[in-house]
Amino acid sequence: MNLPSPAAGRPNPLRWGVNYTPSEGWFHSWQDFDVDAVRADFESIAALGLDHVRIFPLWPLLQPNRALIRPAGIADVGRVVDAAGEFGLDVSVDGLQGHLSSFDFLPAWVTSWHRRNIYTDPEVVEAEAALITALAAEVTSRPNVLGMTVGNETNQFAVERHPDQQVTSPDEMREWFNTLLAAARKAWPTGMHQHSFDDNAWFVDSCPVTPAHAATLGDATTVHSWVFVAVAHLFPQGHPARTLFADYLIQLADAYSNDPARPIWLQEIGAPYPAVPFGGAADFLEQSLRPVLDTPNLWGVTWWCSHDVSRKLADFPELEYTLGLLDSDRRPKPAGLRLAELIAAEKANPTPVRQRSTALSFDPGNEATGVGRSVADPSGELFKGWLELAAAGQKPALVRSSKTSDAGYLAARGITDVRN
């Protein structure tokens, strides 16, 4: 794969990718696997200049019984990786699906009459680790694989708003992540392995996935930036808060890490209607991505998603039908064309990295439990102060109050001006 030379100060070229949503049958297409349809999708993705995809095999199809991992299902994942390679695309594999686009995909052996806690039941966790191991073993030797994410926003099952909450604690969640990441690492020693979560992990005190989990477990911190959750309700159309939100989340991810060089992966960001009008998706894409491109430790950007959900499928939230860079007939949409232009421009003349000298300090509360993290919520004073500086073009960072007297840490991040 031909990639550009790194921008000044960036150790590796910025990666550009998309979360792969099959154009035919959505993720249900894993049940009637058609590799030619996958190839056609990947050809349309590669034509935009993207270099990787994130894929989502469904947990119940791969492991329909706790003691049964279907070889054919695992092989299909390998065939998808191979198909991606035909078009110069690298692949990141998600392990436990889990949750996708408002739908939950849990196997029958952890639901209803067989309900077990997916985070704490020892037999369930052992089975989950076995599936992670099987997926990792299938793809690890292929040349175009990146690594594995434990699953998509796996915290969703544990939060209070879930209709069938699986109760767990921050300590138990840490153990769960460590167990599954260790399984991936053992079977796939060279992969980049991480976990993912929605922004409850950054803002909601009761969420058992904490910012400390986000910024210390796995090989990278993932960021999922969705403006429809809170920002669009707090700030009107045209407000800079909407297009600066991804940058704010990246600064939070940076602030919670003890390692200034820890990679940050903008793993999901999209233009959800009606928070983003149909005619504004391309501008939203560019205005959201440009502010983050100079981040020294940004690993890559992976847009959500590749193809629109077909209107032939029922009961999706309205926004899910229009998030694709391409429509369900594989035709590029304005946002897809704009991203292709941005990628081409960045490959020709990469944005130089820039450390941020000014940082706002905040007290995150109890980092072990996450109680106090809500200080960073978009409705609070921290976001308001950060936004004022960012909207004025000052490119502010964030720093935990416990780090404001650590001269070595501040110097490593380039911070010279700490403001309360």
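**Overall fold and local features of the predicted chain**

N19 is part of strand 1, which spans residues 15-19; strands (DSSP runs of E, at least two residues) and helices (H or I, at least four) are numbered from the N terminus. The model is a predicted one, in which local features need pLDDT of at least 70 and side-chain atom pairs count only at pLDDT 80 or more, while totals for chains, interfaces and linings use all residues. Residues are numbered from 1 along each chain as its sequence is written, and side-chain values use heavy atoms, with hydrogens and water left out.

Beyond its neighbours within four places in sequence, N19 is in contact (heavy atoms within 4.5 Å) with R54, F56, Q267, E268, T302, W303, W304, C305 and S306. N19 and F56 are 37 residues apart along the chain, and their C-alpha atoms are separated by 8.6 Å. Two of these partners, W304 and C305, are themselves joined by a cis peptide bond with omega of about 5 degrees. C305 sits in the loop between strand 9 (298-304) and helix 11 (334-348).

S225 is buried, with a relative accessible area of 3%. Not counting residues up to four places away in sequence, S225 touches F245, A246, L249, L266, E268, I269 and G270.

For the chain as a whole, 13 helices and 12 strands are assigned. With 420 residues, a compact globule would have a radius of gyration near 22 Å, and the 20 Å of the chain agrees with this; the radius is taken over C-alpha atoms, and the globule rule is 2.2 Å times the number of residues to the power 0.38. Buried residues account for 59% of the 420. Of the contacts between residues at least 6 apart in sequence, 78% join residues at least 24 apart.

Helix 12 (residues 381-391) shows a clear division of its sides. Its buried residues are L382, F383, W386, L387, L389 and A390. Seen down the helix axis, these fall within an arc of 165 degrees, so they line one face of helix 12; the arc is that of the directions from the axis to the C-beta atoms. They pack against helix 9 (240-256), strand 10 (358-362), strand 11 (397-400) and strand 12 (417-419). The face turned away from this buried side carries the exposed residues E381 and E388. G393 follows helix 12 and has a positive phi, near 85 degrees.

The loop between strand 10 and helix 12 holds G372. Leaving aside neighbours within four places in sequence, G372 is in contact with D205, D363, P364 and G365.

Most residues other than glycine have a negative phi, and most peptide bonds are trans. The bond from Q97 to G98 is cis, with omega near 25 degrees, and G98 lies in the loop between strand 3 (90-96) and strand 4 (99-100). S102, although not a glycine, has a positive phi of about 85 degrees; S102 is partly exposed, with a relative accessible area of 42%. R330, also not a glycine, has a positive phi near 70 degrees and is partly exposed at 24% relative accessibility.

Methods: Buried < 20%, exposed > 50% of the residue type's maximum accessible area, 1.4 Å probe, protein only.
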